[in-house]
Amino acid sequence: AIYFYQLGLAHAGLGNVQSAIEYGKRAVEVNPIEDDAAEGPYAEIALAEIYTQTGHSDEAITILERILDIPAPLSANLLRIDPRWEPLREHPRFQALLKKHK
């Protein structure tokens with residue numbers, strides 16, 4: 001799964017939106033949270049980042065809402081300060097998510 005989401009992030013950085021999303025989704029399919037609670041969240045977080053980088057804010061926030069409700073290597077505090085999530089900062093759903101998880 002790590003290879004798929006790394007490819008997805010690379011493609012997002014290059015502006016290859018469709019292939020970035022496809023690689024990100026493939027990473028989640030290969031290693032779903034339901035099968036691997038330790039590593040699965042990383043694929044979903046990467047997909048959320050891919051969605052963020054490619055302008056698909058609602059899709060990214062939907063994933064982040066799920067991730068913050070389970071034990072995962074991401075917190076609302078990290079979302080507040082990490083520049084990767086900057087494109088979401090003004091989105092009302094993102095602001096509500098951060099408010100919910102103080």
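User: Leaving aside its neighbours within four places in sequence, which residues is Asn31 in contact with?
Analyst: Bear in mind that this is a predicted model: local features need pLDDT of at least 70 and side-chain atom pairs count only at pLDDT 80 or more, while totals for chains, interfaces and linings use all residues. Numbering starts from 1 along each chain as its sequence is written, and side-chain values use heavy atoms, leaving out hydrogens and water. Contact means heavy atoms within 4.5 Å. With neighbours within four places in sequence set aside, Asn31 touches Ala1, Asp36, Glu39 and Gly40.

User: Is Asn31 buried or exposed?
Analyst: Asn31 sits in the loop between H2 and H3; helices here are DSSP runs (H or I, at least four residues), as strands are (E, at least two), numbered from the N terminus. The cut-offs on relative accessible area are under 20% for buried, over 50% for exposed and in between for partly exposed (1.4 Å probe, protein chains only). Asn31 comes in at 17%, so the label is buried.

User: How do H1 and H2 run relative to each other, roughly parallel or roughly antiparallel?
Analyst: Two packed helices are described by the angle between their axes and the distance between the axes. Axes are lines fitted to C-alpha atoms, for helices over the stretch in contact, with angles from 0 to 180 degrees between N-to-C directions; under 35 degrees is roughly parallel, over 145 roughly antiparallel, 65 to 115 roughly perpendicular and the rest oblique. H1 and H2 pack at about 165°, with their axes 7 Å apart. That makes the pair roughly antiparallel.

User: In what kind of crossing does H1 pass H2?
Analyst: The rule is that if the near helix is turned anticlockwise from the far one by less than a right angle, the crossing is left-handed, and if clockwise, right-handed. For H1 passing H2, the crossing is left-handed.

User: How many nonpolar residues does the contact of H1 with H2 have?
Analyst: On the H1 side you'll find Phe4, Tyr5, Leu7, Gly8, His11 and Ala12, facing Ser19, Ala20, Tyr23, Gly24, Arg26, Ala27 and Val30 of H2. Ala, Val, Leu, Ile, Met, Phe, Trp, Tyr, Cys and Pro count as nonpolar, Asp, Glu, Lys and Arg as charged, and the others, Gly among them, as polar. On that scheme there are 4 polar residues and 1 charged, and the nonpolar count is 8.

User: How are H1 and H3 oriented, roughly parallel or roughly antiparallel?
Analyst: These two pack at an angle of about 10°, with the axes of H1 and H3 9 Å apart. H1 brings Tyr5, Gly8, Leu9, Ala12 and Gly13, and H3 brings Tyr42, Ala43, Ala46, Glu49, Ile50 and Gln53. By class they divide into 7 nonpolar, 3 polar and 1 charged. Given that angle, H1 and H3 are therefore roughly parallel.

User: What is the relative accessible area of Leu9?
Analyst: Leu9 belongs to helix H1. Beyond its neighbours within four places in sequence, Leu9 contacts Ala46, Glu49, Ile50 and Gln53. Even so, Leu9 is partly exposed, with a relative accessible area of 23%.

User: How many charged residues does the contact of H4 with H6 have?
Analyst: The axes of H4 and H6 come within 10 Å and cross at roughly 10°, which means the two are roughly parallel. Asp58, Ile61, Thr62, Leu64, Glu65 and Leu68 of H4 meet Arg93, Phe94 and Leu97 of H6. Alongside 5 nonpolar residues and 1 polar, the charged count is 3.

User: What is the relative accessible area of Ile61?
Analyst: Ile61 lies in helix H4. Setting aside neighbours within four places in sequence, Ile61 contacts Leu88, His91, Arg93 and Phe94. Ile61 is buried, with a relative accessible area of 0%.

User: How far apart in space are Lys102 and Asn77, C-alpha to C-alpha?
Analyst: Lys102 is in the segment after H6 and counts as exposed at 78% relative accessibility. Lys102 and Asn77 are 25 residues apart in sequence, and their C-alpha to C-alpha distance is 7.7 Å.
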